[in-house]
Each structure stands twice: as C-alpha cells, then as structure tokens.
Amino acid sequence: MDLSQVLVLMEAGLDSLIDYVAYHVVTCLIPAFLLAGAISVFLSRDAIIRYLGLESRKIISFPLAAVSSLGLAVCSCTVIPIAAGLYKRGSSIGPAFIFLWVAPAANILALTYTGAILGVDMAGARIATAFATAFLVGLAMTIIFRNDEASRLKKMRLERVATTSITIGGVKGIVLIVLLVVTLLMPNYLGAVLPSYLNINSGEDKLLIYGYKLLIFAVLFATTMSYALKFIERDHVGVWMHETLWFVRMIFPLLLVGVFVIGVVSKLLPEPWIREWLGGNGLLQTFIACIIGALSYFTTLTEAPFVSMLMGLGMGKGPALALLLAGPGMSLPNMLAIIRIFTVRKAVAYILITIVIATLASFIIGNTIWSL
C-alpha cells in the first residue's frame with residue numbers, strides 16, 4: 001500500500017469522524033451523558049435494585065427492561081451511557097444488556113420507519129426477534145456472570161449500610177430525568193422529517209433536517225437546563241456534572257476511535273463483494289450480514305433504507321432481518337465503549353452471544369415464516 005492509498009483511507013476515517021461529530025454529539029451524546037449522570041445521582045438505587053437488580057424476579061426485570069427500551073429512539077452509541085448509568089446505580093447485568101440491545105435495535109421510531117419502507121411483516125419480525133433474542137441475551141449474561149454479580153450485590157449492600165442517604169433531589173430530580181429523556185428523544189421523533197406546513201422542499205437534504213432537529217433540541221435543552229438551575233440545589237448540580245463527566249471520560253474517546261476505524265474499513269470493503277456475499281437467504285449470508293451490521297455504525301433510521309437497497313440487489317429476508325437487528329444494535333464504537341465500561345470478558349460474551357442468537361433467529365425466521 002503506497003502513501004496515496006494510506007492518505008485516502010485516513011481521509012475516509014476523518015470524513016466519518018467529522019460527520020459523526022457534526023450530526024450526533026450535540027443532539028444525541030450530550031443529553032445521553034447528562035441523563036446517565038442524572039440516573040446515577042437522582043434515581044433511587046433502592047428502586048432500581050428492587051425492579052432491575054440481581055434479586056429481582058427475571059419475569060419482571062427482563063420484560064420491564066425490554067418494554068422500557070421500546071421508547072428509547074437512540075443509536076448504539078447513545079444507549080451506552082444510559083445502560084451504564086443504570087448498571088452503575090444497581091441494575092443487574094441482564095436488564096442492563098437488554099437495554100443495550102433492544103433500544104437501538106427495536107425502538108418504536110425504528111419499527112415504524114421499517115414498516116413504512118420494508119413492510120409490516122419485516123417490522124413485526126424485527127420486534128419479535130429483538131424481544132426473543134433480548135431475553136436469551138439477558139439470561140445468558142446473568143448465568144455466565146452470576147458470581148461477579150453476587151460479589152457486586154454484596155458490595156452494594158455494604159455501601160447502602162454505610163450511606164444514610166444515597167438519593168438526592170427527590171421529586172425534583174425525577175422531573176429532571178424526565179425532562180432529559182424528552183430532550184434526548186423528541187428531536188428524533190419530531191425532527192425526523194420537516195413538517196409540511198413549512199412548505200420547504202427539503203427532499204433528502206440532511207443539513208436541513210438536522211437544522212430542524214437542532215432547533216427542537218435547543219428549545220428542549222434550554223428548558224431542561226433552566227429547570228435544573230432554578231429547582232435543583234447547586235451542590236446537587238455539581239455532583240450531577242461530576243458523574244456526567246465520568247461517563248464522558250470513560251466512553252467518548254473510544255466512540256471517536258471506533259467511528260474513525262469504521263470510516264477506514266468502509267473504504268476498504270468493495271461494493272461488488274457485498275452484493276455477491278449477501279445474496280440469497282442462507283446461513284452464511286445471514287451470518288455475514290450480522291457481522292457487517294455489528295461492526296458498522298448506523299444512526300437511528302438509516303438502517304432501513306440501506307437494507308432496502310441491498311434487498312433490491314438480491315439480499316434475502318433472513319440476512320435483511322439480521323442486518324436490521326445487528327446494524328443499529330451494535331457497532332465497533334459501541335463494542336469499544338462496552339469493553340471500557342463493563343470489562344473485556346462481559347463485552348466479548350455479549351458480542352458473541354448476540355451475534356450467534358441474532359444470526360440463528362434471523363435464519364430460522366427467514367427460512368420458515370417467509371418460506372410459507
């Protein structure tokens with residue numbers, strides 16, 4: 001490889017990085033990090049442990065995590081601070097990883113968009129498979145790391161005994177968390193397309209749509225921060241910012257590294273190769289689609305048009321379903337951040353389990369239900 005080829009790859013990586021920083025940091029990551037910090041400070045640890053903790057009943061904690069994830073229209077990077085905040089506050093490993101998987105893979109906004117572009121049957125298969133695989137992922141992670149979780153539970157009990165008051169903010173803190181959730185989600189829901197009453201023919205203009213989304217975000221963010229400054233005590237705001245910066249230091253640098261690498265790798269992958277190896281409905285094609293989806297980075301709602309294009313080139317429904325799940329559900333930046341937050345062992349187990357289960361589930365559905 002000569003110097004000019006290296007420069008082309010570096011340019012592709014930088015373009016990917018610039019696009020990510022320009023379109024995702026302000027409206028996605030900033031509210032996500034603030035929400036993670038708020039969860040760590042203002043949400044009752046007792047409540048999290050009671051409903052999502054190790055001693056909670058799986059029949060309650062797993063569905064609660066999966067159903068709650070449906071409303072989180074976030075990408076694979078944005079969901080990490082939220083899941084990490086819950087885990088740090090006392091959630092068991094099973095519900096925490098269900099949040100990681102289901103929120104970006106099968107949120108309501110993504111399902112609606114999938115149904116509009118790829119049909120109701122694909123949207124139904126996507127949510128059914130995401131839920132089924134989520135329960136298996138949560139159960140597998142809980143069983144594999146039961147000893148680690150038992151040690152963590154013992155440590156949290158000692159902290160609860162030593163700490164007389166571990167929740168600050170009360171109702172005002174809960175209201176702040178709700179406002180942060182609204183600030184994070186509403187720009188995605190309301191700003192996905194320009195409203196018709198504006199009479200602007202934006203077409204697929206990415207910059208116009210993002211400007212509209214940014215405007216919605218600015219109003220909500222100003223409202224949320226005004227509320228925090230007026231109703232939350234200054235000392236509590238200081239603790240909240242401290243926790244938020246902890247998540248930023250732990251996650252953000254690795255997200256940037258992962259996005260840069262994805263830009264380089266996407267330049268190396270020849271399009272004819274993708275067309276050839278993703279055609280059909282076999283197990284190998286489904287596995288390759290799952291791997292490509294797991295390593296690539298898809299922002300919210302971008303996976304459906306991409307899959308539609310590949311299906312037009314001959315991709316089967318099984319591989320398409322695998323890509324719809326693994327594409328938004330995982331990514332290389334997502335994997336690097338999970339390693340940093342949850343340790344290498346847990347990240348490797350989660351990645352392998354998810355890829356295997358998503359591949360098999362998509363292959364079975366693709367060759368049974370859609371073959372009838």
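**Rings and a threonine**

I began with Phe342, which has 1% relative accessibility and so counts as buried, the cut-off being under 20%. A note to myself: this is a predicted model.

Next I asked what Phe342 pairs with, and how. Its partner is Tyr87, and the aromatic pair is tilted, with 5.0 Å centre to centre and 55 degrees between the planes. I then checked where the two sit: Tyr87 is in helix H4 (residues 79-89) and Phe342 in helix H16 (residues 332-342). They are 255 residues apart, so I noted this as a pair that links distant parts of the chain.

Is Tyr87 buried or exposed? Tyr87 comes out at 12% relative accessibility, so I put it down as buried.

Then I looked for charges over rings. Arg152 lies over the face of Tyr87, 3.7 Å from the ring centre. I found Lys346 over the face of Phe145, at 5.1 Å from the ring centre.

**Another ring pair**

How many aromatic pairs are there by the rule I used? I got a count of nine. One of them is Phe42 with Trp240, which I logged as edge-to-face: the centres are 6.3 Å apart and the planes make an angle of 65 degrees. Phe42 lies in helix H1 (residues 3-42) and Trp240 in helix H11, so this pair ties together parts that are 198 residues apart in sequence.

I looked up burial for both partners. Phe42 has 1% relative accessibility, so it counts as buried. Trp240 is at 0%, so I wrote down buried for Trp240 as well.

**Along helix H11**

I stayed with Trp240 for one more check. Its backbone oxygen lies 2.9 Å from a polar atom of the Thr244 side chain. That made me look up Thr244, which has its place in helix H11 (residues 234-268).

Which residues does Thr244 touch, once I leave aside its neighbours within four places in sequence? I found Phe33, Leu34 and Gly37 in contact with Thr244.

Terms used: Residues are numbered from 1 along each chain as its sequence is written. This is a predicted model: local features need pLDDT of at least 70, side-chain atom pairs count only at pLDDT 80 or more; totals for chains, interfaces and linings use all residues. Side-chain values use heavy atoms; hydrogens and water are left out. Helices (H or I, at least four residues) and strands (E, at least two) are DSSP runs, numbered from the N terminus. A polar contact is a pair of N or O atoms within 3.5 Å; within protein, one must be able to donate a hydrogen and the other to accept it, and residues adjacent in sequence count only if both atoms are side-chain atoms. Contact means heavy atoms within 4.5 Å. Rings of Phe, Tyr and Trp (its six-membered ring) pair if their centres lie within 6.5 Å; planes under 30 degrees apart count as stacked, over 60 as edge-to-face and the rest as tilted. Buried means under 20% relative accessible area, exposed over 50%, partly exposed in between (1.4 Å probe, protein chains only). A charge sits over a ring if NZ of Lys or CZ of Arg is within 6 Å of the ring centre and within 35 degrees of the ring normal.
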